[in-house]
Amino acid sequence: MTMATRSVVTSPQTYLQAQSRWHPLEIAFWLATLLPFVLFPDYLSLASQIAITALFALSLDIILGYAGIVSLGHAAFFGIGAYTAGLISKFGWGEPLTGLIIAAGLAGLVGFAISFIISRFRHFTLIMITLGLGLLAFEAANRAHWLTGGSDGLQGVSIWPVLGIFKFDLYGYTAYAYSLAALFVVFLAARQLINSPLGLALRGIRENWLRMPAIGADSRAHIRKAFTIAAALAGLAGALLAQTTENVSLESISFQRSADVLVMLVLGGAGRLYGGLVGAVIFMVARDQFSGIAPQYWYFWIGVLLVTVVMVLPNGIIGGLSHLYARWRRK
Amino acid sequence: MTPAPPPQGTFALSTRGLSKAFGSLLVAREIAINLPVGARYALIGPNGAGKTTLINLMTGMLAPNAGQIFLGGEDVTALGPQERVRRGLARTFQINTLFAGLNALEAVTLAVTERKGLAGQFWRSVGCYSEAIDEAYEILCKLKLGGSCYQVTRELPYGRQRLLEIALALATRPRVLLLDEPAAGVPQEESGEVFEAVAGLSDDLTLLFIEHDMHVVFRFASHIIVLVSGAIFTEGSPAQISADPGVREVYLGKRKHG
(Lines give C-alpha, C1' and ligand atoms only; values in the text may rest on other atoms or scores of the structure.)
Protein backbone atom coordinates (compact mmCIF):
# COMPACT_ATOMS: atom_id res chain seq x y z
CA MET A 1 0.00 0.00 0.00
CA THR A 2 3.04 2.27 -0.12
CA MET A 3 2.04 3.01 -3.72
CA ALA A 4 -1.26 4.60 -2.77
CA THR A 5 0.18 6.80 -0.04
CA ARG A 6 3.07 7.89 -2.24
CA SER A 7 0.73 8.85 -5.06
CA VAL A 8 -1.02 11.32 -2.81
CA VAL A 9 2.17 12.99 -1.65
CA THR A 10 4.26 13.08 -4.83
CA SER A 11 3.54 15.31 -7.78
CA PRO A 12 3.73 13.62 -11.19
CA GLN A 13 6.83 15.56 -12.13
CA THR A 14 8.76 14.75 -8.96
CA TYR A 15 7.71 11.14 -9.38
CA LEU A 16 9.21 10.98 -12.89
CA GLN A 17 12.29 12.94 -11.82
CA ALA A 18 12.84 10.52 -8.93
CA GLN A 19 13.11 7.66 -11.42
CA SER A 20 16.32 9.08 -12.85
CA ARG A 21 17.89 9.74 -9.46
CA TRP A 22 21.01 7.81 -8.42
CA HIS A 23 20.48 4.94 -6.03
CA PRO A 24 23.12 4.40 -3.28
CA LEU A 25 23.68 0.87 -4.62
CA GLU A 26 24.65 2.34 -7.98
CA ILE A 27 27.31 4.50 -6.38
CA ALA A 28 28.56 1.45 -4.48
CA PHE A 29 28.71 -0.50 -7.75
CA TRP A 30 30.87 2.10 -9.47
CA LEU A 31 33.17 2.45 -6.47
CA ALA A 32 33.59 -1.34 -6.54
CA THR A 33 34.83 -1.16 -10.12
CA LEU A 34 37.94 0.56 -8.73
CA LEU A 35 38.75 -2.40 -6.45
CA PRO A 36 40.76 -4.39 -9.04
CA PHE A 37 43.47 -1.70 -8.91
CA VAL A 38 44.19 -2.57 -5.28
CA LEU A 39 42.79 -6.09 -4.76
CA PHE A 40 43.60 -7.87 -8.04
CA PRO A 41 46.51 -6.03 -9.68
CA ASP A 42 47.44 -9.29 -11.45
CA TYR A 43 44.07 -9.43 -13.15
CA LEU A 44 43.91 -5.94 -14.62
CA SER A 45 43.96 -7.09 -18.22
CA LEU A 46 41.02 -9.39 -17.46
CA ALA A 47 39.32 -6.47 -15.72
CA SER A 48 39.75 -4.27 -18.77
CA GLN A 49 38.33 -7.01 -21.02
CA ILE A 50 35.36 -7.23 -18.67
CA ALA A 51 34.82 -3.47 -18.86
CA ILE A 52 34.95 -3.59 -22.67
CA THR A 53 32.56 -6.54 -22.83
CA ALA A 54 30.24 -4.78 -20.39
CA LEU A 55 30.18 -1.75 -22.67
CA PHE A 56 29.33 -4.03 -25.60
CA ALA A 57 26.52 -5.65 -23.58
CA LEU A 58 25.25 -2.20 -22.61
CA SER A 59 25.00 -1.24 -26.28
CA LEU A 60 22.92 -4.34 -26.98
CA ASP A 61 20.71 -3.61 -23.97
CA ILE A 62 19.61 -0.31 -25.52
CA ILE A 63 18.01 -2.11 -28.47
CA LEU A 64 17.20 -5.50 -26.96
CA GLY A 65 16.33 -4.62 -23.39
CA TYR A 66 14.51 -1.38 -24.12
CA ALA A 67 13.12 -1.56 -27.65
CA GLY A 68 12.75 -5.36 -27.70
CA ILE A 69 14.86 -5.76 -30.84
CA VAL A 70 16.68 -9.09 -30.72
CA SER A 71 19.95 -9.04 -32.63
CA LEU A 72 22.13 -12.06 -33.35
CA GLY A 73 24.61 -10.02 -35.33
CA HIS A 74 25.64 -7.28 -32.95
CA ALA A 75 29.32 -8.30 -33.20
CA ALA A 76 29.35 -6.86 -36.73
CA PHE A 77 29.49 -3.36 -35.21
CA PHE A 78 31.97 -4.42 -32.55
CA GLY A 79 34.17 -5.80 -35.34
CA ILE A 80 33.82 -2.70 -37.52
CA GLY A 81 34.93 -0.58 -34.58
CA ALA A 82 37.83 -2.91 -33.76
CA TYR A 83 39.14 -3.06 -37.33
CA THR A 84 38.68 0.68 -37.83
CA ALA A 85 40.64 1.53 -34.68
CA GLY A 86 43.30 -1.07 -35.55
CA LEU A 87 43.71 0.10 -39.13
CA ILE A 88 43.90 3.79 -38.24
CA SER A 89 46.82 3.08 -35.94
CA LYS A 90 48.45 0.70 -38.39
CA PHE A 91 48.42 3.41 -41.02
CA GLY A 92 50.12 5.90 -38.78
CA TRP A 93 47.61 7.53 -36.44
CA GLY A 94 47.88 5.89 -33.03
CA GLU A 95 46.14 8.56 -30.96
CA PRO A 96 43.59 6.56 -28.91
CA LEU A 97 40.76 9.05 -28.24
CA THR A 98 40.33 10.21 -31.82
CA GLY A 99 40.64 6.55 -32.84
CA LEU A 100 37.71 5.70 -30.58
CA ILE A 101 35.59 8.49 -32.00
CA ILE A 102 36.32 7.61 -35.62
CA ALA A 103 35.64 3.90 -34.98
CA ALA A 104 32.36 4.63 -33.18
CA GLY A 105 31.36 7.06 -35.92
CA LEU A 106 31.95 4.54 -38.69
CA ALA A 107 30.12 1.75 -36.83
CA GLY A 108 27.27 4.20 -36.20
CA LEU A 109 27.16 5.13 -39.88
CA VAL A 110 26.90 1.48 -40.93
CA GLY A 111 24.32 0.95 -38.17
CA PHE A 112 22.30 3.89 -39.48
CA ALA A 113 22.23 2.42 -42.98
CA ILE A 114 21.19 -0.99 -41.67
CA SER A 115 18.60 0.50 -39.31
CA PHE A 116 16.38 1.18 -42.33
CA ILE A 117 16.07 -2.60 -42.76
CA ILE A 118 15.92 -3.36 -39.04
CA SER A 119 13.08 -0.92 -38.30
CA ARG A 120 10.75 -2.69 -40.73
CA PHE A 121 10.78 -6.12 -39.13
CA ARG A 122 10.06 -7.83 -35.84
CA HIS A 123 10.56 -11.09 -34.00
CA PHE A 124 11.78 -14.15 -35.88
CA THR A 125 12.37 -12.35 -39.18
CA LEU A 126 14.53 -9.83 -37.40
CA ILE A 127 16.59 -12.51 -35.66
CA MET A 128 17.29 -14.13 -39.02
CA ILE A 129 18.15 -10.82 -40.71
CA THR A 130 20.60 -9.81 -37.99
CA LEU A 131 22.11 -13.30 -37.99
CA GLY A 132 22.57 -13.13 -41.76
CA LEU A 133 24.08 -9.65 -41.67
CA GLY A 134 26.46 -10.74 -38.91
CA LEU A 135 27.65 -13.70 -40.98
CA LEU A 136 28.09 -11.42 -44.00
CA ALA A 137 30.27 -9.06 -41.97
CA PHE A 138 32.36 -11.99 -40.69
CA GLU A 139 33.00 -13.41 -44.15
CA ALA A 140 33.75 -9.97 -45.54
CA ALA A 141 36.43 -9.51 -42.86
CA ASN A 142 37.71 -13.02 -43.53
CA ARG A 143 37.94 -12.46 -47.30
CA ALA A 144 39.57 -9.04 -47.06
CA HIS A 145 42.85 -10.64 -45.96
CA TRP A 146 44.89 -7.82 -47.50
CA LEU A 147 43.18 -5.33 -45.19
CA THR A 148 42.23 -7.21 -42.03
CA GLY A 149 44.79 -10.00 -41.99
CA GLY A 150 41.90 -12.49 -42.18
CA SER A 151 42.29 -15.42 -39.85
CA ASP A 152 45.84 -14.36 -38.95
CA GLY A 153 44.44 -11.25 -37.29
CA LEU A 154 45.44 -7.63 -37.79
CA GLN A 155 49.07 -7.20 -36.79
CA GLY A 156 51.12 -4.10 -36.28
CA VAL A 157 48.66 -2.08 -34.23
CA SER A 158 50.48 0.40 -32.06
CA ILE A 159 48.69 2.88 -29.84
CA TRP A 160 50.17 6.11 -28.52
CA PRO A 161 49.89 7.03 -24.83
CA VAL A 162 46.45 8.15 -23.66
CA LEU A 163 46.32 11.96 -23.61
CA GLY A 164 49.98 11.80 -24.57
CA ILE A 165 50.92 10.82 -20.99
CA PHE A 166 49.71 7.34 -19.97
CA LYS A 167 51.49 4.57 -21.86
CA PHE A 168 49.76 1.21 -22.18
CA ASP A 169 51.76 -0.88 -19.69
CA LEU A 170 52.24 -4.63 -19.42
CA TYR A 171 50.24 -4.90 -16.20
CA GLY A 172 47.19 -3.28 -17.72
CA TYR A 173 46.85 -0.30 -15.39
CA THR A 174 46.33 2.12 -18.24
CA ALA A 175 44.21 -0.35 -20.19
CA TYR A 176 41.80 -0.84 -17.30
CA ALA A 177 41.64 2.83 -16.32
CA TYR A 178 41.04 3.78 -19.96
CA SER A 179 38.37 1.11 -20.56
CA LEU A 180 36.65 1.80 -17.26
CA ALA A 181 36.55 5.54 -17.96
CA ALA A 182 35.04 4.86 -21.39
CA LEU A 183 32.50 2.47 -19.88
CA PHE A 184 31.50 5.01 -17.25
CA VAL A 185 31.07 7.86 -19.73
CA VAL A 186 29.00 5.65 -22.05
CA PHE A 187 26.98 4.40 -19.11
CA LEU A 188 26.12 7.98 -18.11
CA ALA A 189 24.96 8.70 -21.67
CA ALA A 190 22.96 5.46 -21.85
CA ARG A 191 21.35 6.20 -18.51
CA GLN A 192 20.35 9.63 -19.76
CA LEU A 193 18.93 8.09 -22.93
CA ILE A 194 16.91 5.51 -21.02
CA ASN A 195 15.31 8.20 -18.83
CA SER A 196 14.63 10.50 -21.79
CA PRO A 197 11.46 10.75 -23.89
CA LEU A 198 13.16 8.50 -26.47
CA GLY A 199 13.81 5.92 -23.74
CA LEU A 200 10.13 6.03 -22.78
CA ALA A 201 9.13 5.64 -26.42
CA LEU A 202 11.44 2.63 -26.77
CA ARG A 203 9.77 1.02 -23.76
CA GLY A 204 6.44 1.75 -25.43
CA ILE A 205 7.64 -0.08 -28.54
CA ARG A 206 8.75 -3.03 -26.40
CA GLU A 207 5.48 -3.15 -24.46
CA ASN A 208 3.12 -2.76 -27.40
CA TRP A 209 4.50 -2.22 -30.87
CA LEU A 210 1.04 -2.23 -32.46
CA ARG A 211 -0.37 0.47 -30.24
CA MET A 212 2.36 2.98 -31.07
CA PRO A 213 0.86 4.18 -34.41
CA ALA A 214 -2.46 4.74 -32.61
CA ILE A 215 -0.83 7.38 -30.39
CA GLY A 216 0.72 9.02 -33.43
CA ALA A 217 4.21 7.59 -32.89
CA ASP A 218 6.69 6.98 -35.66
CA SER A 219 8.19 3.82 -34.15
CA ARG A 220 10.50 3.27 -37.09
CA ALA A 221 12.20 6.61 -36.59
CA HIS A 222 12.71 5.79 -32.90
CA ILE A 223 14.15 2.38 -33.75
CA ARG A 224 16.48 3.87 -36.36
CA LYS A 225 17.81 6.31 -33.79
CA ALA A 226 18.28 3.71 -31.06
CA PHE A 227 19.87 1.21 -33.42
CA THR A 228 22.35 3.79 -34.73
CA ILE A 229 23.35 4.73 -31.19
CA ALA A 230 23.69 1.06 -30.18
CA ALA A 231 25.84 0.34 -33.25
CA ALA A 232 28.12 3.29 -32.51
CA LEU A 233 28.57 2.18 -28.91
CA ALA A 234 29.30 -1.40 -29.98
CA GLY A 235 31.92 0.03 -32.35
CA LEU A 236 33.39 1.99 -29.48
CA ALA A 237 33.69 -1.21 -27.44
CA GLY A 238 35.42 -2.94 -30.36
CA ALA A 239 37.82 -0.04 -30.75
CA LEU A 240 38.71 -0.23 -27.05
CA LEU A 241 39.56 -3.92 -27.40
CA ALA A 242 41.73 -3.26 -30.46
CA GLN A 243 43.56 -0.43 -28.74
CA THR A 244 44.13 -2.11 -25.38
CA THR A 245 45.27 -5.45 -26.85
CA GLU A 246 47.00 -3.88 -29.90
CA ASN A 247 45.66 -6.61 -32.11
CA VAL A 248 42.36 -7.47 -33.84
CA SER A 249 41.38 -11.07 -34.39
CA LEU A 250 38.63 -12.40 -36.61
CA GLU A 251 36.93 -13.55 -33.39
CA SER A 252 35.99 -9.92 -32.68
CA ILE A 253 33.45 -9.95 -35.54
CA SER A 254 32.32 -13.57 -35.14
CA PHE A 255 28.92 -15.07 -34.48
CA GLN A 256 30.33 -16.42 -31.23
CA ARG A 257 30.77 -12.87 -29.96
CA SER A 258 27.19 -11.96 -30.93
CA ALA A 259 25.89 -15.03 -29.13
CA ASP A 260 28.09 -14.48 -26.05
CA VAL A 261 26.90 -10.91 -25.55
CA LEU A 262 23.30 -12.04 -25.82
CA VAL A 263 23.96 -14.71 -23.17
CA MET A 264 25.54 -12.12 -20.87
CA LEU A 265 22.61 -9.78 -21.22
CA VAL A 266 20.09 -12.53 -20.52
CA LEU A 267 22.12 -13.76 -17.54
CA GLY A 268 22.37 -10.30 -16.02
CA GLY A 269 18.87 -9.17 -16.99
CA ALA A 270 17.92 -7.22 -20.11
CA GLY A 271 16.30 -3.81 -19.92
CA ARG A 272 17.94 -2.76 -16.66
CA LEU A 273 21.21 -1.08 -17.70
CA TYR A 274 23.17 -2.96 -15.02
CA GLY A 275 22.12 -6.35 -16.38
CA GLY A 276 24.70 -6.28 -19.15
CA LEU A 277 27.41 -5.09 -16.77
CA VAL A 278 26.77 -7.79 -14.19
CA GLY A 279 26.31 -10.40 -16.92
CA ALA A 280 29.66 -9.48 -18.42
CA VAL A 281 31.42 -9.80 -15.06
CA ILE A 282 29.89 -13.22 -14.39
CA PHE A 283 30.50 -14.51 -17.92
CA MET A 284 34.10 -13.35 -18.16
CA VAL A 285 35.07 -14.46 -14.67
CA ALA A 286 33.39 -17.82 -15.27
CA ARG A 287 35.27 -18.19 -18.55
CA ASP A 288 38.54 -17.34 -16.88
CA GLN A 289 37.98 -19.79 -14.01
CA PHE A 290 36.32 -22.68 -15.85
CA SER A 291 38.70 -22.62 -18.79
CA GLY A 292 41.49 -23.01 -16.25
CA ILE A 293 39.88 -26.26 -15.06
CA ALA A 294 38.85 -27.73 -18.42
CA PRO A 295 39.80 -25.51 -21.36
CA GLN A 296 37.75 -27.43 -23.92
CA TYR A 297 34.53 -27.78 -22.00
CA TRP A 298 34.10 -24.49 -20.26
CA TYR A 299 30.93 -23.65 -22.26
CA PHE A 300 29.28 -26.57 -20.51
CA TRP A 301 29.15 -24.52 -17.32
CA ILE A 302 27.93 -21.41 -19.11
CA GLY A 303 25.16 -23.59 -20.55
CA VAL A 304 24.21 -24.84 -17.10
CA LEU A 305 24.23 -21.28 -15.75
CA LEU A 306 22.15 -19.94 -18.64
CA VAL A 307 19.48 -22.62 -18.43
CA THR A 308 19.23 -22.26 -14.65
CA VAL A 309 18.97 -18.48 -14.70
CA VAL A 310 16.39 -18.42 -17.50
CA MET A 311 14.25 -21.00 -15.70
CA VAL A 312 14.52 -19.60 -12.19
CA LEU A 313 14.95 -15.88 -12.83
CA PRO A 314 13.12 -14.82 -15.98
CA ASN A 315 14.33 -11.23 -15.57
CA GLY A 316 17.94 -12.23 -15.05
CA ILE A 317 20.12 -11.91 -11.99
CA ILE A 318 19.56 -8.17 -11.60
CA GLY A 319 15.81 -8.70 -12.07
CA GLY A 320 15.81 -11.31 -9.32
CA LEU A 321 17.88 -9.15 -6.98
CA SER A 322 15.73 -6.06 -7.49
CA HIS A 323 12.64 -8.16 -6.83
CA LEU A 324 14.14 -9.35 -3.54
CA TYR A 325 15.18 -5.80 -2.69
CA ALA A 326 11.67 -4.45 -3.35
CA ARG A 327 10.23 -7.14 -1.10
CA TRP A 328 12.67 -6.37 1.66
CA ARG A 329 11.84 -2.65 1.40
CA ARG A 330 8.13 -3.33 1.71
CA LYS A 331 8.54 -5.12 5.01
CA MET B 1 -32.14 7.77 -46.77
CA THR B 2 -28.46 8.55 -47.36
CA PRO B 3 -28.06 12.27 -47.89
CA ALA B 4 -26.39 13.49 -51.09
CA PRO B 5 -22.65 14.16 -50.63
CA PRO B 6 -22.39 17.67 -49.23
CA PRO B 7 -19.44 19.98 -49.92
CA GLN B 8 -16.17 18.98 -48.31
CA GLY B 9 -15.01 20.63 -45.14
CA THR B 10 -18.34 20.92 -43.39
CA PHE B 11 -17.90 17.59 -41.63
CA ALA B 12 -15.35 16.49 -39.07
CA LEU B 13 -15.11 13.08 -40.70
CA SER B 14 -16.76 11.66 -43.78
CA THR B 15 -16.42 8.63 -46.00
CA ARG B 16 -17.46 8.10 -49.63
CA GLY B 17 -18.16 4.73 -51.19
CA LEU B 18 -15.89 2.97 -48.71
CA SER B 19 -15.59 -0.72 -49.62
CA LYS B 20 -13.49 -3.58 -48.35
CA ALA B 21 -13.50 -7.31 -49.08
CA PHE B 22 -11.64 -10.12 -47.33
CA GLY B 23 -11.43 -12.58 -50.20
CA SER B 24 -14.98 -12.95 -51.44
CA LEU B 25 -16.46 -11.68 -48.20
CA LEU B 26 -17.62 -8.07 -48.45
CA VAL B 27 -17.12 -6.48 -45.05
CA ALA B 28 -17.76 -2.89 -46.10
CA ARG B 29 -20.08 -1.94 -48.97
CA GLU B 30 -20.00 1.61 -50.26
CA ILE B 31 -20.23 3.18 -46.86
CA ALA B 32 -20.96 6.91 -46.83
CA ILE B 33 -20.94 8.52 -43.40
CA ASN B 34 -20.82 12.19 -42.46
CA LEU B 35 -19.98 13.16 -38.90
CA PRO B 36 -20.79 16.82 -38.13
CA VAL B 37 -18.42 18.63 -35.76
CA GLY B 38 -19.27 17.88 -32.14
CA ALA B 39 -21.63 15.03 -33.02
CA ARG B 40 -22.22 12.05 -30.72
CA TYR B 41 -22.85 9.19 -33.11
CA ALA B 42 -23.45 5.57 -32.21
CA LEU B 43 -22.62 2.76 -34.61
CA ILE B 44 -24.70 -0.31 -33.95
CA GLY B 45 -25.38 -3.58 -35.70
CA PRO B 46 -25.35 -7.32 -35.13
CA ASN B 47 -22.08 -9.18 -34.54
CA GLY B 48 -20.06 -9.45 -37.72
CA ALA B 49 -21.75 -6.43 -39.29
CA GLY B 50 -18.35 -4.83 -39.89
CA LYS B 51 -18.36 -2.14 -37.20
CA THR B 52 -14.77 -2.60 -36.07
CA THR B 53 -13.70 -3.04 -39.70
CA LEU B 54 -15.19 0.35 -40.45
CA ILE B 55 -13.17 1.93 -37.65
CA ASN B 56 -10.07 0.16 -38.92
CA LEU B 57 -10.70 1.58 -42.39
CA MET B 58 -11.29 5.09 -41.05
CA THR B 59 -8.10 5.07 -38.98
CA GLY B 60 -5.94 3.53 -41.68
CA MET B 61 -5.27 0.22 -39.94
CA LEU B 62 -6.88 -1.40 -42.98
CA ALA B 63 -6.63 -0.15 -46.55
CA PRO B 64 -9.97 0.05 -48.41
CA ASN B 65 -10.48 -1.55 -51.84
CA ALA B 66 -12.43 1.50 -52.94
CA GLY B 67 -13.69 4.78 -51.57
CA GLN B 68 -12.26 7.75 -49.72
CA ILE B 69 -11.97 9.08 -46.19
CA PHE B 70 -12.00 12.80 -45.43
CA LEU B 71 -10.86 14.35 -42.19
CA GLY B 72 -12.09 17.93 -41.91
CA GLY B 73 -12.34 18.04 -45.70
CA GLU B 74 -8.83 16.68 -46.31
CA ASP B 75 -8.56 13.38 -48.17
CA VAL B 76 -6.58 11.12 -45.80
CA THR B 77 -7.21 7.84 -47.65
CA ALA B 78 -3.55 7.44 -48.60
CA LEU B 79 -2.14 8.31 -45.16
CA GLY B 80 -0.90 5.80 -42.59
CA PRO B 81 -2.44 5.46 -39.12
CA GLN B 82 0.07 7.68 -37.34
CA GLU B 83 -0.33 10.50 -39.87
CA ARG B 84 -4.08 10.39 -39.34
CA VAL B 85 -3.58 10.50 -35.58
CA ARG B 86 -1.41 13.59 -36.01
CA ARG B 87 -4.20 15.21 -38.01
CA GLY B 88 -6.65 14.66 -35.18
CA LEU B 89 -8.23 11.25 -35.69
CA ALA B 90 -7.87 8.99 -32.65
CA ARG B 91 -9.41 5.71 -31.63
CA THR B 92 -9.68 3.25 -28.77
CA PHE B 93 -9.72 -0.52 -29.05
CA GLN B 94 -12.36 -3.04 -28.14
CA ILE B 95 -9.80 -5.23 -26.41
CA ASN B 96 -7.30 -3.37 -24.24
CA THR B 97 -4.15 -2.69 -26.19
CA LEU B 98 -2.17 -0.85 -23.58
CA PHE B 99 1.45 -0.65 -22.52
CA ALA B 100 1.30 -3.34 -19.84
CA GLY B 101 4.65 -2.57 -18.23
CA LEU B 102 4.27 1.22 -18.10
CA ASN B 103 2.20 3.02 -15.50
CA ALA B 104 -0.67 5.25 -16.54
CA LEU B 105 1.36 8.44 -16.10
CA GLU B 106 4.22 7.14 -18.24
CA ALA B 107 1.89 5.88 -20.96
CA VAL B 108 -0.05 9.13 -21.28
CA THR B 109 3.13 11.22 -21.01
CA LEU B 110 4.53 9.13 -23.86
CA ALA B 111 1.47 9.90 -25.99
CA VAL B 112 1.76 13.62 -25.17
CA THR B 113 5.48 13.76 -26.04
CA GLU B 114 4.72 11.97 -29.30
CA ARG B 115 2.13 14.59 -30.20
CA LYS B 116 4.46 17.44 -29.30
CA GLY B 117 7.24 15.89 -31.38
CA LEU B 118 9.49 15.50 -28.31
CA ALA B 119 9.67 11.72 -28.25
CA GLY B 120 12.89 11.58 -30.26
CA GLN B 121 14.84 13.59 -27.66
CA PHE B 122 17.43 11.66 -25.73
CA TRP B 123 19.51 14.21 -23.85
CA ARG B 124 17.09 15.30 -21.13
CA SER B 125 15.16 13.23 -18.63
CA VAL B 126 11.43 12.85 -19.08
CA GLY B 127 11.11 14.50 -15.67
CA CYS B 128 12.28 17.81 -17.19
CA TYR B 129 9.31 18.11 -19.55
CA SER B 130 6.94 19.61 -17.01
CA GLU B 131 4.39 20.85 -19.57
CA ALA B 132 3.95 17.40 -21.09
CA ILE B 133 3.74 15.77 -17.65
CA ASP B 134 1.20 18.29 -16.38
CA GLU B 135 -0.92 17.80 -19.47
CA ALA B 136 -0.80 14.02 -19.09
CA TYR B 137 -1.76 14.27 -15.43
CA GLU B 138 -4.63 16.63 -16.26
CA ILE B 139 -6.02 14.13 -18.78
CA LEU B 140 -5.70 11.33 -16.22
CA CYS B 141 -7.49 13.40 -13.57
CA LYS B 142 -10.30 14.23 -16.01
CA LEU B 143 -10.86 10.48 -16.36
CA LYS B 144 -10.53 9.97 -12.58
CA LEU B 145 -7.26 8.11 -12.98
CA GLY B 146 -5.17 10.67 -11.10
CA GLY B 147 -5.10 8.55 -7.93
CA SER B 148 -3.85 5.41 -9.64
CA CYS B 149 -1.49 6.93 -12.17
CA TYR B 150 1.65 5.39 -10.63
CA GLN B 151 0.28 1.88 -10.78
CA VAL B 152 1.61 -0.39 -13.52
CA THR B 153 -1.03 -0.81 -16.23
CA ARG B 154 -1.23 -4.59 -15.95
CA GLU B 155 -2.17 -4.22 -12.29
CA LEU B 156 -4.96 -1.68 -12.86
CA PRO B 157 -8.55 -2.90 -12.45
CA TYR B 158 -10.17 -3.62 -15.81
CA GLY B 159 -12.53 -0.66 -15.73
CA ARG B 160 -9.59 1.70 -15.17
CA GLN B 161 -7.74 0.12 -18.07
CA ARG B 162 -10.73 0.98 -20.26
CA LEU B 163 -10.48 4.60 -19.07
CA LEU B 164 -6.74 4.56 -19.77
CA GLU B 165 -7.57 3.54 -23.36
CA ILE B 166 -9.56 6.76 -23.65
CA ALA B 167 -6.87 8.79 -21.87
CA LEU B 168 -4.26 7.62 -24.40
CA ALA B 169 -6.52 8.64 -27.26
CA LEU B 170 -7.20 12.06 -25.69
CA ALA B 171 -3.47 12.69 -25.27
CA THR B 172 -3.21 12.90 -29.06
CA ARG B 173 -5.63 15.87 -28.87
CA PRO B 174 -8.11 14.46 -31.34
CA ARG B 175 -10.78 16.35 -33.21
CA VAL B 176 -12.53 13.08 -33.97
CA LEU B 177 -12.54 10.16 -31.54
CA LEU B 178 -13.70 6.68 -32.51
CA LEU B 179 -14.54 4.47 -29.54
CA ASP B 180 -14.77 0.75 -30.18
CA GLU B 181 -16.99 -0.61 -27.40
CA PRO B 182 -15.46 1.60 -24.71
CA ALA B 183 -17.13 -0.36 -21.92
CA ALA B 184 -16.52 -3.85 -23.34
CA GLY B 185 -15.83 -6.36 -20.61
CA VAL B 186 -16.75 -3.94 -17.84
CA PRO B 187 -19.51 -5.14 -15.52
CA GLN B 188 -22.81 -3.49 -16.48
CA GLU B 189 -23.10 -1.49 -13.27
CA GLU B 190 -19.70 0.10 -13.97
CA SER B 191 -20.16 0.70 -17.69
CA GLY B 192 -22.13 3.85 -16.88
CA GLU B 193 -18.95 5.25 -15.32
CA VAL B 194 -17.04 4.82 -18.57
CA PHE B 195 -19.82 6.51 -20.55
CA GLU B 196 -20.14 9.32 -18.03
CA ALA B 197 -16.47 9.99 -18.71
CA VAL B 198 -17.14 9.90 -22.46
CA ALA B 199 -20.13 12.23 -22.11
CA GLY B 200 -17.99 14.65 -20.13
CA LEU B 201 -15.58 15.19 -23.02
CA SER B 202 -15.41 18.57 -24.69
CA ASP B 203 -18.34 19.57 -26.93
CA ASP B 204 -16.28 20.30 -30.02
CA LEU B 205 -14.84 16.77 -29.97
CA THR B 206 -16.64 14.64 -32.57
CA LEU B 207 -17.46 11.17 -31.31
CA LEU B 208 -18.42 7.90 -32.92
CA PHE B 209 -18.85 4.90 -30.66
CA ILE B 210 -19.70 1.26 -31.11
CA GLU B 211 -21.89 -0.11 -28.34
CA HIS B 212 -24.18 -3.09 -27.85
CA ASP B 213 -26.09 -1.94 -24.80
CA MET B 214 -29.12 -0.13 -26.25
CA HIS B 215 -29.83 1.74 -23.01
CA VAL B 216 -26.40 3.30 -23.24
CA VAL B 217 -26.83 4.03 -26.95
CA PHE B 218 -30.17 5.79 -26.50
CA ARG B 219 -28.87 7.74 -23.55
CA PHE B 220 -25.63 9.05 -25.02
CA ALA B 221 -26.06 9.15 -28.81
CA SER B 222 -27.57 12.06 -30.73
CA HIS B 223 -27.63 10.03 -33.92
CA ILE B 224 -27.48 6.31 -34.66
CA ILE B 225 -26.08 4.46 -37.67
CA VAL B 226 -27.20 0.85 -38.12
CA LEU B 227 -24.74 -1.36 -39.96
CA VAL B 228 -25.79 -4.75 -41.31
CA SER B 229 -23.56 -7.06 -43.38
CA GLY B 230 -21.07 -4.31 -44.12
CA ALA B 231 -23.63 -1.82 -45.42
CA ILE B 232 -25.53 1.05 -43.82
CA PHE B 233 -29.00 -0.33 -43.16
CA THR B 234 -30.42 2.93 -41.90
CA GLU B 235 -29.55 5.95 -39.79
CA GLY B 236 -31.41 8.54 -37.80
CA SER B 237 -32.18 9.98 -34.39
CA PRO B 238 -32.60 7.58 -31.46
CA ALA B 239 -36.37 8.10 -31.66
CA GLN B 240 -36.45 7.25 -35.36
CA ILE B 241 -34.28 4.18 -34.90
CA SER B 242 -36.24 2.78 -31.98
CA ALA B 243 -39.47 3.21 -33.97
CA ASP B 244 -38.07 1.57 -37.10
CA PRO B 245 -39.60 -1.91 -37.48
CA GLY B 246 -36.77 -3.03 -39.78
CA VAL B 247 -34.15 -2.24 -37.14
CA ARG B 248 -36.11 -4.13 -34.54
CA GLU B 249 -36.07 -7.12 -36.78
CA VAL B 250 -32.39 -7.16 -37.74
CA TYR B 251 -30.89 -5.85 -34.59
CA LEU B 252 -32.97 -5.19 -31.52
CA GLY B 253 -34.57 -8.60 -31.62
CA LYS B 254 -31.16 -10.21 -31.60
CA ARG B 255 -29.46 -8.01 -29.09
CA LYS B 256 -29.30 -10.73 -26.46
CA HIS B 257 -26.57 -12.25 -28.59
CA GLY B 258 -24.48 -9.09 -28.39
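Guide: Quick ground rules: residues count from 1 along each chain as its sequence is written, and chains are lettered from A, ligands numbered from 1, in the order in which they are written. The model is predicted, so local features need pLDDT of at least 70 and side-chain atom pairs count only at pLDDT 80 or more, while totals for chains, interfaces and linings use all residues.

Visitor: Why is Q49(A) called buried?

Guide: The label buried takes 20 or more other C-beta atoms within 10 Å of the residue's own, exposed takes 12 or fewer, and partly exposed is in between, with C-beta atoms placed from the backbone. Q49(A) has 23 such neighbours inside 10 Å, so it counts as buried. Q49(A) sits in helix α5 (residues 44–66) of chain A; helices here are DSSP runs of H or I with at least four residues, strands are runs of E with at least two, and both are numbered from the N terminus.

Visitor: What makes L273(A) worth a look, and is it buried or exposed?

Guide: L273(A) has a positive phi of about 60° and is not a glycine. Most residues other than glycine have a negative phi. You'll find L273(A) in the loop between α13 (255–268) and α14 (274–293) of chain A. Its 22 C-beta neighbours inside 10 Å make L273(A) buried.

Visitor: And why does S229(B) count as partly exposed?

Guide: S229(B) has 16 C-beta neighbours inside 10 Å, so partly exposed is the label. S229(B) also has a positive phi, near 50°, without being a glycine, and its loop runs between β9 (223–228) and β10 (231–236) of chain B.

Visitor: How do you know which residues of chain A and chain B are in contact?

Guide: Two residues are in contact if their C-beta atoms, placed from the backbone, lie within 7 Å. By that test, 33 residues of chain A are in contact with 41 residues of chain B. On the chain A side, α11(A) gives the most, with eight residues.

Visitor: What classes do the chain A residues at that contact fall into?

Guide: 15 are nonpolar, 12 polar and six charged. Nonpolar means Ala, Val, Leu, Ile, Met, Phe, Trp, Tyr, Cys and Pro, charged means Asp, Glu, Lys and Arg, and polar means the others, Gly among them.

Visitor: Over in chain B, how do you know that β4 and β5 pair?

Guide: Pairing needs at least two bridges found by DSSP between two strands. Strand β4 (residues 66–71) of chain B and β5(B) have two bridges, in the antiparallel sense. F70(B), for instance, stands opposite D75(B) in β5(B).

Visitor: What joins β1(B) to β2(B)?

Guide: Eight bridges join strand β1 (residues 11–22) of chain B to β2(B), and the two run antiparallel. T15(B) has I33(B) in β2(B) as its bridge partner. Two residues lie between the strands of this hairpin, where G23(B) takes a positive phi near 65°.

Visitor: Why do β2 and β5 of chain B stand at the edges?

Guide: The open sheet has four strands in the order β2-β1-β4-β5 (chain B), with antiparallel pairing. β2 (25–36) and β5 (74–75) of chain B each have a single partner strand, so one side of each is left without a neighbour in the sheet.
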